[in-house]
Amino acid sequence: MTITDALSTAREILRAQPFSRLLGADVTAFGEDGATLELPIGKDLLQQNGFVHGGVLSYAADNAITFAAGAVLGPAVLTAGYSIDYVRPALGATLRARAEVLHAGRRQAVVRCELLTVGEEGDETLCALAQGTVRTIG
């Protein structure tokens, strides 16, 4: 499968998730190096202080981690668990979750994810870090 075909398939899988469609999420990179998920930051995704809600960051981390693991383990995977550390309030135009596989076996992968906000000029600001374990189904 070519890189273009793999990205197209990953996008189809993401679009099959109603919640991901609701948020406007998109897979912008997908392959053995990992996966990147992006979503536009709209007013509906903010908490009372005007920052991106932590649940939105958590959603992005979970999905990016799972997609990155799926790139090496195959599509039949589920998140077994993850942790997230918020390092600064998230402000920007786009939320980018960039995940890379740190270790993969036959049935499990450990993945690290950087959550960044992207400004109008394209500048990235780290707002959270996550790490998770993904396992094959079955």
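**Buried rings and paired strands**

User: Why is Phe 67 called buried?

Analyst: The relative accessible area of Phe 67 is 8%. Buried means under 20%, exposed over 50% and partly exposed in between (1.4 Å probe, protein chains only), so Phe 67 is buried. The model is predicted: local features need pLDDT of at least 70 and side-chain atom pairs pLDDT 80 or more, while totals for chains, interfaces and linings use all residues. Residues are numbered from 1 along each chain as its sequence is written, and side-chain values use heavy atoms, without hydrogens and water.

User: Why is Phe 19 called partly exposed?

Analyst: Its relative accessible area is 47%, so Phe 19 is partly exposed.

User: What makes Phe 30 and Phe 67 edge-to-face?

Analyst: Their ring centres are 6.4 Å apart and their planes stand at 85°, so this pair is edge-to-face.

User: How do you know that strands E1 and E2 pair?

Analyst: Strands are DSSP runs (E, at least two residues), numbered from the N terminus. Two strands pair if DSSP finds at least two bridges between them; E1 and E2 have five, in the antiparallel sense.

Terms used
Rings of Phe, Tyr and Trp (its six-membered ring) pair if their centres lie within 6.5 Å; planes under 30 degrees apart count as stacked, over 60 as edge-to-face and the rest as tilted. Helices (H or I, at least four residues) and strands (E, at least two) are DSSP runs, numbered from the N terminus.
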